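Subject: Structure handover and notes

Hello,

Please find the structure below, with my notes after it.

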Amino acid sequence: MKAELIANIIAAHCSGDESSFKTAVEALAADEDKKGNSRVSSMLLDAYKGKNITLMKKPEIGQPAGGGFAVQSAGGSSFTPRDKDSLLELYDIVHSDISLSDVVLPENQRKLLLQILEERQNNSKLAKHNLPPANRLLLCGPPGCGKTMTAHAIAHELNLPMAYVRIDGLVSSYLGQTSVNLRKIFSSVGNQNIVLFLDEFDVVAKRRDDENELGELKRVVNSLIQNIDGFPRDSILVAATNHPNLLDPAIWRRFGRVAEVPKPGKQEIGQYIEDFFLPLMDEGPRPRHVAALLGLSYSDLDTVAKNAFCDAAMRGDDRFSVYDLLKQTYLARKHGISDEEDYVRYMLASGCSQADLHRGSGIPLRLIKSVSKEMRREADYD
């Protein structure tokens, strides 16, 4: 009898079915209690609930406790499932400290997120009409523009843990295993109040009519759709993709809310500079400086500011200059200064003074003045 109960626990673990796993643990605990082993019974139940217990023997180094399950402390203890072959965890539990005020977004997208949060935090108006609050959000946009940060902010504002799905664990080279992993993830979080975040969503939600893809992809997408349809209302599913054009049409119908997270425009860049750059700069930027940053993502802006501050620190300065900022912006686009004249043109057009350019770059003032005159002649001609 005991061997059968243990076999049930192992089978539930391998399938990732949290409900079956809980039932199997409780059955084994009840069996031990019936035999008079009340202490063992209590240990089994406490271990499942994530309570601290004294083990007879510690697991060896490199051996995951609980036979491959990592005990988490988010939102009531749960077990993080793993890929059967690689033993990689399928998601990480994250407790975010990023608030929505830390995320710079276009106003219409900010309003959409605020509405989603309001529906979740105060759903009495919806409940009167038997309407559920939104619990599926798709974030689309280029890399480095804040999709992941937005997911973190949603979890923080709702005071919920976030299950951040690991693509390296989810996608398996073994036939059918990716679908099994998806089922493990959705089953594992099904009884928790949590934000489930699927980044790089197009990897598992790709169009099924792609002639270059094998039948395995179709099975994965079918499995994903079924799991999304069964996703509980108390939790929130957030998915993010850099390639919305690759998503299967049926996936779009599963998401009631879609937010575009584009590259920042002038207004967003201006706000970003004001919020995050000004404390590190020796003077405030002007409109031409802001315009020079157009086309960069938020991730690019962070890199530019960090590199500009490094330049200043190496000089012994506590703040970086407009020249440092514009220089690093040029390098972010060109990945080097191979053409001095092109560099001078860019810097002057972006609002860098001739004196600052000469002092910062060491380029002869004669060349800088010559390029400046040529630029004025071209402007007059136009």
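Arg254 has a relative accessibility of 17% and therefore counts as buried; buried means under 20% relative accessible area, exposed over 50%, and partly exposed in between, using a 1.4 Å probe and protein chains only. The side chain of Arg254 meets that of Asp229 in a salt bridge, 3.0 Å from N to O. A salt bridge here is a side-chain nitrogen of Lys or Arg within 4 Å of a carboxyl oxygen of Asp or Glu. Asp229 lies in helix 9 and Arg254 in the loop between helix 10 and strand 8 (257–260), so the pair ties together parts 25 residues apart in sequence. Asp229, at 42% relative accessibility, counts as partly exposed.

Before the rest, some notes on the source. This is a predicted model, in which local features need pLDDT of at least 70 and side-chain atom pairs count only at pLDDT 80 or more, while totals for chains, interfaces and linings use all residues. Residues are numbered from 1 along each chain as its sequence is written, and side-chain values use heavy atoms, with hydrogens and water left out.

Overall picture

The protein chain has 17 helices and 8 strands. Helices (H or I, at least four residues) and strands (E, at least two) are DSSP runs, numbered from the N terminus. Of the 382 residues of the protein chain, 43% count as buried. Taking contacts (heavy atoms within 4.5 Å) between residues at least 6 apart in sequence, 67% join residues at least 24 apart.

The mean pLDDT of the protein chain is 82, and 84% of its residues reach 70 or more; pLDDT is the predictor's confidence in each residue, from 0 to 100. Over residues 51–78 pLDDT stays under 50, and the model has 38 contacts beyond four places in sequence for them. Where pLDDT is low, the predicted coordinates should not be read in detail.

Salt bridges

The count of salt bridges comes to 15. One of them joins Arg208 and Asp248, with the closest N and O atoms 3.0 Å apart. This pair links distant parts of the chain, 40 residues apart: Arg208 is in the loop between strand 6 (195–198) and helix 9 (215–229), and Asp248 is in the loop between strand 7 (236–241) and helix 10 (249–252). Arg208 is partly exposed at 25% relative accessibility, whereas Asp248 is buried at 4%.

Arg345 is partly exposed with a relative accessible area of 22%, and Glu341 is partly exposed with 34%. Salt bridges with shared partners join Glu341, Arg345, Glu374 and Glu378 into one network.

Helix 15 (residues 340–349) has Tyr343, Val344, Tyr346, Met347 and Leu348 as its buried residues. Asp339 caps the N-terminal end of helix 15, with a side-chain oxygen 3.1 Å from the backbone nitrogen of Glu341. After helix 15 comes Gly351, whose phi is positive, near 100 degrees.

A buried arginine without a salt bridge

Arg110 is in helix 4 (residues 107–121). Arg110 is buried but has no salt bridge, and the nearest side chain of opposite charge, Glu107, is 4.7 Å away. For charge, Lys and Arg count as positive and Asp and Glu as negative; His and the chain ends are not counted. The Arg110 side chain reaches the backbone oxygen of Leu100 at 3.3 Å. Leaving aside neighbours within four places in sequence, Arg110 is in contact with Leu100, Val103, Val104 and Leu105.

Aromatic pairs

Rings of Phe, Tyr and Trp (its six-membered ring) pair if their centres lie within 6.5 Å; planes under 30 degrees apart count as stacked, over 60 as edge-to-face and the rest as tilted. The count comes to 9 aromatic pairs. Tyr272 and Tyr298 have ring centres 5.1 Å apart and planes at 40 degrees, so the pair is tilted. Tyr272 is in helix 11 (residues 266–277) and Tyr298 in helix 13 (residues 298–315), 26 residues apart, and both are buried.

The rings of Phe277 and Phe320 have centres 6.3 Å apart and planes at 80 degrees, so this pair is edge-to-face. Phe277 is buried at 2% relative accessibility, and Phe320 is buried at 0%. Ring pairs link Tyr272, Phe276, Phe277, Tyr298 and Phe320 into a cluster.

Regards

Key
Polar contact = N/O pair within 3.5 Å; in protein donor to acceptor, adjacent residues only side chain to side chain.
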